[in-house]
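Visitor: Could you take me through this structure, please? I am new to the subject.

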Amino acid sequence: MKKEIWSQLSGNVWKKISKRKAPRLAGYFLILLILIALLASLLCNEKPLYVKYKGANLFPAFSLSGYSDIRNEEGQISERVVYATADWKTIEKEKVIWCPIIYTPGKSDWLNADYKSPFDPQSFSENGNTTPANFKNRHWLGTTKTGADVLSGIIHGTRISLTIGILSMLIAGLIGIMLGSIAGFFGDNKIIVSRTGIFISIIFGLPLSFFYGIFLNRFSLESLLNDSVLYIIPFITFILLIISVCIYVTYFIGKQAGRILKLNATTTLPVDNIISRGIEIFNSIPRIVLIITLSAISHPSVYALVLIIGFTSWTEIARLVRAEMLKVRSSEFMVSAEASGIKITRQVFRHALPNVIIPAVTAITLGVASAILTESALSFLGVGVPADVVTWGSLLNEGRQNFSAWWLVVFPGIAIFTTVTAINILGDSLSDVIDSSKR
């Protein structure tokens, strides 16, 4: 059984999907979006790809330092060119290679302000001369009120939307798979615990874990929300480790105290019931209201939004994984594994968990589309990401301020619609292939 599942993971499922035209086209489209997201800074940027200036070869769009020093014939520094502040359109250059779109998202172009449509006459200024915009210099999808280019905003919005969608669902997937697997595999009667240990861990462990894990680290967590998600995830893992240690230490102390006092009564820990009731309570709160509330009270940040969506989107994945794990737990090969005396950790990670991964991947894939819609809705309402970050939703919000600027609604709307539709087609096809393989 395990071999069959891993063979599906290694290619059988994807081969069946690739034979269908719609999911194949959806997959190609999503690959194109990922490439656009990765190359966004090179596709649209007012900083050139290459400039020859005073004999020096500069690569502003590729630079990580943000500046270059120009040296004279004696080798001394005669000028420092700061890429972010340099006006590349007026600098006298010997050679230049521009990006395909020479506008930075969100950057104002006052010559084309006040909502220039794709078909309106547009102007371009270079070296102090203002001329009608030619083929390369036009704002092909129009501009906003401040003259910001819509096409560059959509391209950079692709990066923001995919980043939030993928990272948030990875977090939701990890939480959902972990809790769903625990609930489905152990049920309500497989974990036997000491009553005194549970009592002590509830009375003392929970307050200690809250104090040392959350209260003392609240300011550090708030400051990290502005940093990369690569820093946030290890920090949250560290907090969870502190909470786990506090609960386990107090449980161990309570268990040993029970032995000393000859209070050795044990009970089963109903983890399935606890997790299932927790999912029901979580689902009783309107998800979009919860996300808007958390986004409004937190510091605007892309990574904060990733965490908010991730920690509020795991319930459906957990329910699906729990249902699949219940089926796997009662299957013949799992009964044989348990009768053979195989360790529980090996039963879970080597035999049970691989059989629920593919259905979980399906739920995670469909969840990416939901996360992109959520981000767009929050940006449309003006919460979630910082105001200076251009997203598909923020462009729609610009269109709300002027209903005659139809291009601010049509083009971001098409981007959202096609992306979400492609992800849903791929996710539905994956689900159909998995269901057919089980028959």
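Guide: What follows is a conversation about the cores, the charged pairs, the rings and the backbone.

Visitor: What kind of model is this, and how are residues numbered?

Guide: This is a predicted model, in which local features need pLDDT of at least 70 and side-chain atom pairs count only at pLDDT 80 or more, while totals for chains, interfaces and linings use all residues. Residues are numbered from 1 along each chain as its sequence is written, and side-chain values use heavy atoms, with hydrogens and water left out.

Visitor: Which residues touch the most other members of the largest nonpolar core?

Guide: They are Val150, Ile154, Ile164, Met169, Phe185, Ile317 and Ile372, in a core of 61 residues. Helix α4, residues 150-186, gives the most to this core, with 12 residues. A nonpolar core is a set of buried Ala, Val, Leu, Ile, Met, Phe, Trp, Tyr and Cys residues joined through side-chain atoms within 4.5 Å. Buried means under 20% relative accessible area, exposed means over 50%, and partly exposed lies in between (1.4 Å probe, protein chains only). Helices (H or I, at least four residues) and strands (E, at least two) are DSSP runs, numbered from the N terminus.

Visitor: How many residues are in the other core?

Guide: That core, which lies apart from the largest one, has 19 residues, including Cys44, Val51, Ile101 and Ile102. In soluble globular proteins, nonpolar side chains tend to be buried together.

Visitor: Back to Phe185: what does it touch?

Guide: Leaving out residues up to four places away in sequence, Phe185 touches Lys190, Met325, Arg329, Met334, Ile344, Gln347, Val348 and Ala352. Contact here means heavy atoms within 4.5 Å. The charged end of Lys190 also sits over the ring of Phe185, 4.5 Å from its centre. A charge sits over a ring if NZ of Lys or CZ of Arg is within 6 Å of the ring centre and within 35 degrees of the ring normal. Likewise, Arg138 lies over the face of Trp140, at 5.9 Å from the ring centre.

Visitor: On to charges, then. How many salt bridges are there?

Guide: A search of the whole structure finds seven. A salt bridge is a side-chain nitrogen of Lys or Arg within 4 Å of a carboxyl oxygen of Asp or Glu. One of them joins Asp69 and Arg80, whose closest N and O atoms are 2.7 Å apart. Asp69 lies in strand β3 (residues 67-71) and Arg80 in strand β4 (residues 77-82), so this pair ties together parts that are 11 residues apart in sequence.

Visitor: Which residue does Arg322 pair with?

Guide: Arg322 meets Asp272 in a salt bridge, at 2.6 Å from N to O. This pair links distant parts of the chain, 50 residues apart: Arg322 is in helix α11 (residues 315-329) and Asp272 in helix α8 (residues 271-284). Arg322 is partly exposed, at 24% relative accessibility, whereas Asp272 is buried, at 10%.

Visitor: And what about Lys327 and Glu324?

Guide: Their side chains form a salt bridge, at 4.0 Å from N to O. The two residues are three apart in helix α11, and therefore about one helical turn separates them. Lys327 is exposed, at 55% relative accessibility, while Glu324 is buried, at 10%.

Visitor: Switching to rings: how many aromatic pairs does the structure hold?

Guide: There are 11. Rings of Phe, Tyr and Trp (its six-membered ring) pair if their centres lie within 6.5 Å; planes under 30 degrees apart count as stacked, over 60 as edge-to-face and the rest as tilted. Phe282 and Trp314 form a tilted pair, with 5.4 Å between centres and 50° between planes. Phe282 belongs to helix α8 and Trp314 to the loop between α10 (302-311) and α11, 32 residues apart.

Visitor: Which residues form the aromatic cluster with Trp406?

Guide: Phe119, Trp407 and Phe411 form one aromatic cluster with Trp406. Trp406 is partly exposed, at 34% relative accessible area, and Trp407 is buried, at 4%.

Visitor: Lastly, what is the phi of Asp114?

Guide: Asp114 has a positive phi of about 60°, although it is not a glycine. Most residues other than glycine have a negative phi. Asp114 is in the loop between β5 (95-97) and β6 (123-126). Tyr115, in the loop between β5 and β6, also has a positive phi, near 60°.

Visitor: Are those two buried or exposed?

Guide: Asp114 is exposed, at 58% relative accessibility, whereas Tyr115 is buried, at 13%.
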